[in-house]
Amino acid sequence: MKNNKYIYIALCSLGFIACEPEFDQPLEDTPIAAQTSGEANFSKYISLGNSLTAGFADGSLYRSGQESSFANILATQMQTAGGGEFLTPFMNDDIGGFVENPTAFPPRRVFDAGNRAPVFIDAAPTTSFSNILTGPFNNMGVPGAKSFHLAAPGYGSAANLALGLANPYFVRFASSPNTSVIADALAQQPTFFTLWIGNNDVLSYATAGGIGVLQPTPTTNDLTMIPPPGGDDISDPTYFAGIYTGLTNALASTNAKGVLINVPNVSTIPFFTTVPFNAIPLDQATADAANTGFANYNGGLQLAVQAGVLTPTEATRRTINFTAGQNAVVIIDENLTDLTAINAGLINIRQATPNDLLLLTVSGLLGTPNSDNGTLINGISAPLGDQWILTPEEQLLITNATNAYNQTIQSTVSANPNLALLDANTLVSQLASGGISSENGTVVTSDFATGGAFSLDGIHLTPRGNAFIANELIEVINSNFGSTLQKVDPNEFKTITLQ
Amino acid sequence: MKKLLFVLASCLTFSSIYAGGYRVSIQGQRALAMGHTGVAVVNSAELAFFNPAGLVFLENKLNVSAGVTGIITNTKYQNLDTRQAFETDSPVGTPINLYATYKISDKFSAGIAVYTPYGSRVDWPSDWAGGFLVNSIELSAVFINPVVSFKVNDALSIGGGPIYAIGGVNFNRSIEAVPGSESLSGPSTIELDAEGVTAWGWKASVLFRPTDKLNIGASYQSQIDINAENGDVSFQNFPGEAPQTGFNATLPLPSELTLGLSYQVNDKLLLAFDFNRAYWGAYESLDITFTDGETPDSINPRNYEDASTYRFGAQYDYNSKFTFRAGYYFDETPVASGFFSPETPRNDSHAFTGGLSFNINNNLAIDASFLYIYFAEVDESFDSPNDSAPAFGGTYKSNVFAPGLGITYKL
């Protein structure tokens with residue numbers, strides 16, 4: 001062998017053969033090191049959840065996003081430890097969206113770095129509602145699903161789409177029109193599962209600017225008896241607890257091990273933290289003009305104080321005042337004292353404070369002429385509607401509901417040794433306060449577009465953000481079940497896509 | 001835009017092409033065949049490079065040596081953790097050397113040396129994992145070095161002369177306007193290009209001949225700072241509006257000291273040894289400034305270390321037609337651990353050389369040489385290329401093959 005090497009070099013020297021350096025252990029001859037699954041069995045991993053599990057990103061579900069969902073990343077790592085095939089109900093293309101309704105299901109967004117703003121990718125969706133796939137599938141994440149949707153029969157029925165009772169993503173891969181997500185999961189006899197549900201039970205209220213309400217406590221836990229809470233409402237925590245316990249009991253009955261992932265408090269994600277409360281720059285002249293426009297309103301507040309129908313504190317809070325520089329936007333706040341009976345001009349408005357959260361989607365509206373009255377400017381002379389802001393009262397509803405859901409999730413884990421918890425709530429709050437660092441020093445934060453964790457919708461994760469979640473899951477799985485799954489390098493996963 | 005530019009510039013790494021590994025020493029076919037020894041070998045016009053002091057001891061009035069070498073450099077990268085593997089696809093480099101010397105009097109000789117001490121090029125695949133450090137880099141440098149030699153007495157001579165250096169560099173790397181982002185329009189890259197950059201330096205040397213069998217030599221080349229002024233900066237697939245700017249940068253070519261001796265064992269056999277010290281410590285950091293006054297400066301620590309090369313050579317006069325040569329040298333890398341970049345994927349190396357001369361007649365000879373450089377496999381990384389680029393490491397393995405051909409003419 002040694003001699004062969006010298007002969008080889010000699011031949012190389014004479015230029016007879018190509019002479020490339022050879023590694024002692026070339027990659028192509030090096031199989032991925034086998035890992036152990038410990039007490040867990042990864043042969044049939046099923047991931048259950050919503051858009052976060054499906055790999056939804058940039059406002060859309062598209063192929064490369066699905067490929068880099070945390071569940072798909074985790075499943076790949078499981079394959080060295082007895083993991084089986086992990087099938088995903090892929091969309092038809094890497095564009096995302098549905099042909100039938102590209103307004104409600106638009107293609108994905110990409111980043112226009114010149115204007116520093118997300119824009120739709122320049123392509124039309126090709127996936128159809130009727131593009132039914134043959135399953136079963138391991139990644140059962142259904143974008144838009146709330147907790148109770150996973151248990152709802154007919155959620156995958158094409159006939160129910162028009163009634164608003166079905167979800168086109170589940171229609172594409174449901175085993176039959178009348179099945180439920182959980183039934184299709186159980187039918188596959190999972191040996192391992194992750195469940196990340198409950199986000200939309202509070203998120204859809206939040207992304208709608210809190211125009212919904214907290215649903216009242218239902219009097220029964222019979223699923224078929226309870227109409228689903230309205231699209232923009234917060235699911236009642238007691239109702240959530242009943243649903244959640246039902247889902248986890250059903251999964252636990254299979255003796256599968258699994259990880260439950262709790263619900264992050266949505267108020268720290270970039271969808272709510274990117275647009276500042278004082279987003280409007282004014283010069284002195286414009287500020288003066290705007291102040292003149294609100295002089296009557298400010299004066300009316302003082303009259304209301306004198307009349308004893310308004311506290312001086314609230315009057316101060318509601319007084320509109322613009323100065324040269326950055327100015328707080330004017331918003332409608334339903335929680336203010338209603339004075340319109342006294343004076344129709346004294347509407348429920350005030351200027352925003354750092355405690356108000358403006359939605360990411362309002363950024364294109366601020367400072368533009370109002371669509372009803374072009375002489376008014378949105379955010380200044382035209383107050384922003386309730387649907388654009390989360391006020392402190394609305395945030396409190398969200399926080400309370402989130403905490404209650406997470407309490408349910410925590411007790412479910414505590415009661416079952418087959419279950420482990422991933423505290424996504426803490427992780428997401430770390431993203432907002434300094435970021436999370438990987439072992440090789442890659443840092444992601446919740447900064448919009450540049451932070452690396454969140455995609456261009458400000459809500460869902462990037463592939464790199466998903467890699468961090470997958471690594472956290474791996475840590476939880478290894479420490480609870482004694483497996484040796486290897487983490488991935490988040491650097492190998494991209495963040496956002498530029499136009 | 002400001003922030004974008006900041007990210008861009010802080011990602012920017014420039015070439016450290018002047019690394020020891022790229023200083024593939026091929027400045028004479030005969031010397032190379034003997035492990036690139038030569039500071040004490042009085043043999044041919046190649047002395048104009050190796051030790052100009054010795055020119056006055058050459059027997060003939062006119063000496064010319066010319067040669068060209070093809071350098072085939074292969075570097076492979078792999079990372080068993082990330083399971084990625086790439087290899088360079090670099091074109092063949094062709095350094096040249098041209099030396100001519102003329103004995104003006106018994107005491108004085110003059111000569112000129114033209115050579116290309118930096119002629120290497122590294123091309124990685126366009127979509128490779130280290131693209132944010134380097135995609136491709138090419139350096140061309142021509143040194144024009146007129147020299148004189150003065151015989152102090154029969155045992156001692158001194159020599160030297162000014163060096164006029166003409167250099168050019170082209171460097172291409174990937175950029176990320178947003179960390180970790182991909183671009184639909186293809187990889188965004190920046191290319192820096194500077195051509196025709198000139199600088200001056202000097203060389204001085206001494207040759208001591210205590211006996212007619214033993215030569216002892218020393219040669220010193222000054223540090224030459226290549227100042228690229230307002231070089232071209234171009235962007236490919238830049239997201240948004242690309243900055244319009246040039247760049248300034250200073251690259252030190254370090255000073256070098258060579259000490260050596262040769263011994264004529266018998267009529268046929270000559271042995272030579274050179275010790276070479278390159279003062280790479282001068283290359284602490286590569287600082288690039290952009291001329292638009294808006295793009296922030298890019299500071300790239302290099303922290304090179306002084307490095308030595310140990311050279312051994314032998315020459316055997318087989319008969320009047322054939323002379324055979326062989327040699328070996330050990331070359332220390334100036335690259336410090338943790339600063340190992342794919343633009344200079346060079347660790348310590350062992351070089352094996354051989355060659356022969358065929359004398360066509362008393363005046364003309366054909367010289368052939370061959371160089372093989374062996375690099376041990378190395379696990380290395382670039383831990384903190386700059387503020388924003390992540391660490392990049394893996395396993396590297398390189399080799400170099402360099403066959404060369406030249407002529408020697410004496411009159």
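A salt bridge here is a side-chain nitrogen of Lys or Arg within 4 Å of a carboxyl oxygen of Asp or Glu. The views below come from a predicted model.

**View 1. A salt bridge joins Glu22(A) and Lys76(B).** The two side chains meet at 3.5 Å, N to O. This separation lies within the 4 Å limit, so the pair counts as a salt bridge. Across the interface of chain B and chain A, the rule finds two salt bridges. Polar contacts link 12 residue pairs between the chains, both residues at pLDDT 80 or more.

**View 2. Several elements of chain B face chain A.** Those giving two or more residues to this side are helix H1 (2–11) and strands S2 (72–79), S3 (84–87), S9 (182–183), S21 (364–375) and S23 (392–410) of chain B. S23(B) gives the most, with six residues. By class, the side of chain B that touches chain A holds 15 nonpolar, 13 polar and seven charged residues.

**View 3. Chain B and chain A bury about 3000 Å² between them.** Carbon and sulfur atoms carry 61% of that area. Lys76(B), Arg83(B) and Leu184(B) supply 20% of the area that chain B buries against chain A. In contact terms, 35 residues of chain B meet 34 residues of chain A.

**View 4. A strand of chain A pairs with S9(B).** The partner is strand S16 of chain A, residues 497–498. The two strands run in the parallel sense and pair over two bridges. Leu498(A) stands opposite Ser183(B), a residue of S9(B).

Terms used
Residues are numbered from 1 along each chain as its sequence is written. Chains are lettered from A and ligands numbered from 1 in the order in which they are written. This is a predicted model: local features need pLDDT of at least 70, side-chain atom pairs count only at pLDDT 80 or more; totals for chains, interfaces and linings use all residues. Side-chain values use heavy atoms; hydrogens and water are left out. Contact means heavy atoms within 4.5 Å. Buried area is the accessible area (1.4 Å probe) that two parts lose on being put together, summed over both. A polar contact is a pair of N or O atoms within 3.5 Å; within protein, one must be able to donate a hydrogen and the other to accept it, and residues adjacent in sequence count only if both atoms are side-chain atoms. Helices (H or I, at least four residues) and strands (E, at least two) are DSSP runs, numbered from the N terminus. Ala, Val, Leu, Ile, Met, Phe, Trp, Tyr, Cys and Pro count as nonpolar, Asp, Glu, Lys and Arg as charged, and the others, Gly among them, as polar. Two strands pair if DSSP finds at least two bridges between them.
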